[in-house]
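Welcome to a short walk through a protein. Keep your viewer open and select each stop as we reach it.

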Amino acid sequence: MTASAQAPARSPRLAVWKALLIFAPMVLITLFLWVPRLTTGDSMITLAVVLVLIVFSVLFFLMLLTGKTHRYRSILFILFAVALPIEFIPWMIKTYGSMMLTNEIMYDGGASFCPLTMPMVIIPALLRRVIIFPGELVPGAAHGAFAFMFMMWGGASLAIGRGWCSWGCLYGGWDELFSRLRKKPLIKHQQIDRRWIYLPFGILLAIVLLSAITFQPVYCEWLCPFKVVTEFPAPTTILTIVQMVIFIVLFIGLVIVLPLLTKRRIQCGLFCPFGAMQSLLNKINVFEVRIDPDQCSQCQQCIRTCPTFSLDNSSLETGKPLITCTKCTQCIDVCPKSAASLHIKGTPLKASPAVARVLYLYPAYILLLSFGGLIVAEALLRILKLITTGSMLY
Ligand code: SF4
Ligand code: SF4
């Protein structure tokens with residue numbers, strides 16, 4: 001039984017009640033997570049939060065009601081990505097020149113610790129007992145912002161594995177946005193050798209080794225687009241000019257131009273070392289996408305659709321995507337035979353995909369709401385401030 005995993009129940013009224021019932025625990029969690037922000041007494045914050053909660057709740061409910069996960073996930077994911085620079089750039093302007101590299105600020109929980117750096121610092125931290133960013137691995141570091149980001153990243157990785165890349169990544173939404181703008185690709189997926197999906201693993205290994213050897217934040221300085229911790233250096237030396245050129249070329253090429261040309265998430269599928277790390281962590285996650293060979297008609301629609309090159313003919317034979325699957329659920333949405341579904345590892349293939357889907361959606365949605373929702377709310381607040389005070393910097 002896979003059809004019931006994706007298709008709404010026959011009676012529309014029953015389908016609505018069923019979706020409401022599944023949605024109910026998320027309403028409670030939403031209130032629990034957001035009550036502090038709703039009760040600040042600042043009417044603008046309340047307005048921004050209420051708008052965010054309405055949009056996120058409606059789209060999640062539609063996800064449950066229609067069985068189309070990717071369709072509504074993608075809207076929220078892209079919204080989150082578009083909101084990010086609105087929130088982030090004013091923050092960077094305001095804090096530029098005063099970044100948080102002192103231990104005191106870090107111990108007070110004032111340092112923003114970027115989850116993108118986690119994989120890059122683990123091996124150097126194990127080898128040298130020092131975290132490259134934001135500071136030393138000593139008692140006291142494990143609280144505040146560091147602890148929040150670490151728990152969020154670690155919890156999300158345990159809960160949804162590489163699903164992080166389709167529900168929580170700061171970068172993935174931009175990749176997804178540009179990969180969806182054109183109707184048809186100019187470069188077809190058959191023209192791209194699937195062996196490129198292993199490149200991110202090589203980049204990850206190189207970065208970890210370079211970080212361990214040089215004890216420098218190689219990823220942050222050379223590749224990171226956000227510079228939460230390191231700031232963008234002024235391009236005044238040859239080194240910083242080279243860094244800036246590399247960053248701009250990679251960003252425009254991997255996140256804008258190639259996704260536009262291929263309709264694929266090129267940064268996520270063929271480059272991102274953080275995604276590679278998430279693929280490895282995915283081994284300990286219980287959820288996976290599976291294809292039921294008894295249902296599959298070999299139409300290849302899923303292969304043509306997968307944005308990260310994670311499906312090929314061998315996937316249809318084995319019933320499993322390749323290691324780079326980000327659990328975006330796009331293949332599940334498009335499959336005309338309902339042969340693709342979310343699945344709990346170790347259970348029989350036909351066992352309750354509808355239950356597996358809900359169990360996967362709960363933590364995925366909590367991640368999207370608590371991280372993406374926060375960014376969208378902050379961005380809205382900045383827009384409201386701009387309208388009312390003339391400035392986004394506050
Ligand atoms: S879209 Fe569905 S039926 Fe078609 S090849 Fe993929 S899994 Fe099989
Ligand atoms: S295999 Fe399916 S769920 Fe995985 S990345 Fe491709 S389209 Fe998304």
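In which helix is Ser 315 found? Select helix H16, residues 313-318, and you will find Ser 315 there. Helices here are DSSP runs of H or I with at least four residues, strands are DSSP runs of E with at least two, and both are numbered from the N terminus.

Before moving on, two notes. This is a predicted model, in which local features need pLDDT of at least 70, side-chain atom pairs count only at pLDDT 80 or more, and totals for chains, interfaces and linings use all residues. Residues are numbered from 1 along each chain as its sequence is written, chains are lettered from A and ligands numbered from 1 in the order in which they are written, and side-chain values use heavy atoms, with hydrogens and water left out.

**Stop 1: around Ser 315**

Is Ser 315 buried or exposed? Ser 315 counts as buried because its relative accessibility is 0%. Buried means under 20% relative accessible area, exposed means over 50%, and partly exposed is in between, with a 1.4 Å probe and protein chains only. Now show what Ser 315 touches: leaving aside neighbours within four places in sequence, Ser 315 is in contact with Ile 291, Ser 310, Lys 320, Pro 321 and Leu 322. Contact means heavy atoms within 4.5 Å.

**Stop 2: the whole chain**

Zoom out and colour by secondary structure. The chain has 18 helices and two strands. Of its 394 residues, 51% count as buried. Among contacts between residues at least 6 apart in sequence, 79% join residues at least 24 apart.

**Stop 3: the two ligands**

Select ligand 1. How many residues surround ligand 1? There are 13, and the closest are Cys 296, Cys 299, Gln 300, Cys 302 and Cys 335. A residue is near a molecule or strand here if one of its heavy atoms lies within 4 Å of it. The shell around ligand 1 divides into eight nonpolar residues, four polar and one charged. In this scheme Ala, Val, Leu, Ile, Met, Phe, Trp, Tyr, Cys and Pro count as nonpolar, Asp, Glu, Lys and Arg as charged, and the others, Gly among them, as polar.

Pick out Cys 335, in the loop between H17 and S2. Cys 335 counts as buried because its relative accessibility is 19%. The C-alpha atoms of Cys 335 and Gln 300 are separated by 8.8 Å, although these residues are 35 apart along the chain.

Next, select ligand 2. Its closest residues are Cys 306, Thr 308, Cys 325, Cys 328 and Cys 331, out of 13 that surround ligand 2. Cys 306 is buried at 8% relative accessibility, and Cys 328 is buried at 8% as well.

With these cysteines in view, how many disulfides are there? The count comes to zero, where a disulfide is a pair of cysteine sulfur atoms within 2.5 Å.

**Stop 4: two loop residues**

Select Lys 327, in the loop between H16 and helix H17 (330-334). Lys 327 is not a glycine, yet has a positive phi of about 55°. Most residues other than glycine have a negative phi. Lys 327 counts as buried, at 2% relative accessibility.

Now try Ser 338, in the loop between H17 and strand S2 (340-344). Ser 338 also has a positive phi of about 55° without being a glycine.

**Stop 5: helix H10**

Select residues 199-214, which make up helix H10. The expected span is 1.5 Å times one less than the number of residues.

Which residues of H10 are buried? They are Pro 200, Phe 201, Ile 203, Leu 204, Ile 207, Val 208, Ser 211 and Ala 212. These cover an arc of only 160° around the axis, so they are on the same side of H10. The arc is that of the directions from the helix axis to the C-beta atoms. The face turned away from the buried side carries the exposed residues Leu 205 and Ile 213.

**Last stop: Leu 64**

Finish in helix H3, residues 43-66, by selecting Leu 64. Leu 64 and Val 358 are 294 residues apart in sequence, and 8.2 Å apart in space, C-alpha to C-alpha.
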